[in-house]
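Colleague: Please show me the structure, and let us discuss it by question and answer.

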Amino acid sequence: MAKNIEWQIKRFNTLSLQELYSLLSLRSHVFIVEQNCVYQDIDSKDEKALHLLGKFEGQIVAYARLFNAGDYFENASIGRVVIHPEYRDKKWGHQLMQQAIAGIESYFNTKQITISAQLYLKKFYETHDFVQTSEMYLEDDIPHIEMKRGN
């Protein structure tokens, strides 16, 4: 029988050292190494964010940052959305977004969410009721679009 992913939302100061190391390692593995993109991942916003951790067999395999309105965008926002490459076949990205949206609604009491989405993921985010609200722009040399939900 397949085990399910365990979801937790934590504030920065409640992350264990192992969790912090693991989530930074996952972000680095995907956003810097896999996407061949040199950029400053540790951006001084982690302290403001809520951290959504998806753990499978004790390992962080899914992750996102959740921000209150005004901490990143005018609206609440979700960022650093990532699934470990070895687990992408499990389709946990949809669970991750459902958990992130529910976390925003629960912790920040709003349904208005803005994201900066990689362009190739537009259809994925549209399945979660996000709508494109900008032209394509480059962020760290990767095509992105702004998308909003709940407006």
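Colleague: Which residues of the largest nonpolar core touch the most other members?

Modeller: This is a predicted model, in which local features need pLDDT of at least 70, side-chain atom pairs count only at pLDDT 80 or more, and totals for chains, interfaces and linings use all residues. Residues are numbered from 1 along each chain as its sequence is written, and side-chain values use heavy atoms, without hydrogens and water. A nonpolar core is a set of buried (under 20% relative accessible area, 1.4 Å probe, protein chains only) Ala, Val, Leu, Ile, Met, Phe, Trp, Tyr and Cys residues joined through side-chain atoms within 4.5 Å. Of the 27 residues in the largest one, those touching the most other members are Ile-78, Ile-115 and Phe-130.

Colleague: Which element gives the most to this core?

Modeller: Helices (H or I, at least four residues) and strands (E, at least two) are DSSP runs numbered from the N terminus. Strands E2 (50-56), E3 (59-67), E4 (76-83), E5 (113-118) and E8, together with helix H2 (92-108), each supply at least two residues. The most, 7 residues, come from H2.

Colleague: Is Arg-149 buried or exposed?

Modeller: Arg-149 belongs to strand E8 (residues 142-149). Its relative accessibility is 15%, and the cut-off for burial is under 20%. Therefore Arg-149 counts as buried.

Colleague: Which backbone oxygen does the side chain of Arg-149 reach?

Modeller: Not counting residues up to four places away in sequence, Arg-149 touches (heavy atoms within 4.5 Å) residues including Glu-105, His-128 and Asp-129. At 2.7 Å, its side chain reaches the backbone oxygen of His-128.

Methods
Buried < 20%, exposed > 50% of the residue type's maximum accessible area, 1.4 Å probe, protein only. Polar contact = N/O pair within 3.5 Å; in protein donor to acceptor, adjacent residues only side chain to side chain.
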